[in-house]
Amino acid sequence: MKLRSTALAALALALVAGCTNLTPTLPQRQLMLVANDEKQSWNDAGAVILGPMGRDTVQVLDIGTDPLAPKVLGTLQLDNTIAGPPTNLAITPGETLALVANSLNVVEDNGARKQVPDNRLFVIDLTTTPPKLLDTLQVGRQPSGLSINRAGDLALVANRADNSVSVLRISGKKVALVDTVAMGDSVAHVRFTPDGKRALAAKFPSHKIALLDVNGEKVSYNKVDLAAGLWPYNLDVTPDGKLALTADNGNSGASDGQVDTVSVIDMEAAPPRVVDKVVVGDGPEGLAVSPTGKHAVAVILRGSNAAKNAYFYNRNGSVVLLKIDGKKVTRANEVVVRGLPEGAVWSADGRYLYVGNFIDQDITILRLDGDTLVPTGQSFQLQGHPAAMRGKMTH
């Protein structure tokens, strides 16, 4: 009897341990920034209409606690613009700070409005409730795409009008400009490699990707350029650092009815080089590699802000899924979203994708099912027109 009781007790303990191991982990908060530009729109002829400044916002959302129902944690009245790739903002790996660059201002000139380069970079404290503006820095003119390294202690900002890259030190909650790197051409975006030892800069008008060397806080451009597709506007890297992908816009930031590409860069080659190009559609602008490294997406404009009588006009843009298998990148499926999609953000586990639709002022939520991107039927209304979106820097 005693042996039998002991065996039953052991079995009970095993069952309890098994149940403990099966307990699901609680949802983790994951932050996402959305920058809403309320100054720019387009008429039916595709011409830009400029409104006054002072209505732009930056929203801080939690997409981790309930992936299908994002929650707004705070809204800040901060200038920003749709001009440039939708990567002019970033969150530190520890989700303590956010950086947001404002590339263009709207000014009155003889009774007409025009855009002029700005040089402001906003630093947001994400540890407070609600998040608050901590500092405003001056960097180069027309600061656009930017990135923070995985260590969270250095940031780079591409200054389109100054043909330069700003180098920023991040120490706790203090952000400071420590250097400026001359690039010789206008650069739209810059992205660290996961090891933090290199960075890539998209030289938009010269159709090239520049390689930068990073040694501590010293960033050097040794005039090594790679020939990408036409008008490389945006770029991202895989978590293992083996590949980089570029969104080759094809028409200087707009659709034109012709197919465009994503260039594939082998970062392990000596020197790194473009090894493939994947046709994705008309006007890729948003680009994001999944934290899993197995997929990426290119966000396609599809003429959704073009003249309504243009042969390539479509009411809605789309998202093209790319499958990454080693160093081979292939086109998977395409999902139509809404008007003028810009930024794209993956959930931390790579299961969900959030796409900002500028014209419709909302976010489309998609889900990854194997190697297929599928609609969830869920969307999220925003306070304004999402010009850019970014989650925390994971790689």
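The model is predicted, and every value below is computed from it. Strand β4, which spans residues 57–62, is largely enclosed by the rest of the structure, because 6 of its 6 residues are buried. Elsewhere, aromatic rings form 4 pairs, and His295, itself buried, has a side-chain polar contact with Asp371.

**Strand β4 and its partners**

- The burial of β4 applies to both of its faces, with Thr57, Gln59 and Leu61 buried on one side and Val58, Val60 and Asp62 buried on the other.
- Strand β1, made up of residues 31–36, pairs with β4 in the antiparallel sense over 6 bridges, and within this pairing Leu31 stands opposite Asp62 of β4.
- Strand β5, made up of residues 71–76, also pairs with β4 in the antiparallel sense, here over 5 bridges, and Thr75 in β5 is the bridge partner of Gln59.

**Aromatic pairs**

- The count of aromatic pairs comes to 4, and in one of them the rings of Trp42 and Phe358 have their centres 5.9 Å apart and their planes at 75°, an angle over 60 degrees, so this pair is edge-to-face.
- This pair links distant parts of the chain, 316 residues apart, since Trp42 lies in strand β2 (residues 40–42) and Phe358 lies in the loop between β27 (352–357) and β28 (362–369).
- The two partners fall into separate accessibility classes, Trp42 being partly exposed at 22% relative accessibility and Phe358 being buried at 2%, where the cut-off for buried is under 20%.
- Phe204, Trp231 and Tyr233 together form one aromatic cluster.

**His295 and its surroundings**

- His295 is located in strand β23, which covers residues 295–300, and its relative accessible area of 5% places it in the buried class.
- The side chain of His295 makes a polar contact, at 2.8 Å, with the side chain of Asp371.
- Once neighbours within four places in sequence are set aside, the contacts of His295 include Val289 and Ser290, the run Leu321, Leu322, Lys323 and Ile324, and also Trp346, Leu368, Gly370 and Asp371.

How values were computed: Residues are numbered from 1 along each chain as its sequence is written. This is a predicted model: local features need pLDDT of at least 70, side-chain atom pairs count only at pLDDT 80 or more; totals for chains, interfaces and linings use all residues. Side-chain values use heavy atoms; hydrogens and water are left out. Buried means under 20% relative accessible area, exposed over 50%, partly exposed in between (1.4 Å probe, protein chains only). Helices (H or I, at least four residues) and strands (E, at least two) are DSSP runs, numbered from the N terminus. Two strands pair if DSSP finds at least two bridges between them. Rings of Phe, Tyr and Trp (its six-membered ring) pair if their centres lie within 6.5 Å; planes under 30 degrees apart count as stacked, over 60 as edge-to-face and the rest as tilted. A polar contact is a pair of N or O atoms within 3.5 Å; within protein, one must be able to donate a hydrogen and the other to accept it, and residues adjacent in sequence count only if both atoms are side-chain atoms. Contact means heavy atoms within 4.5 Å.
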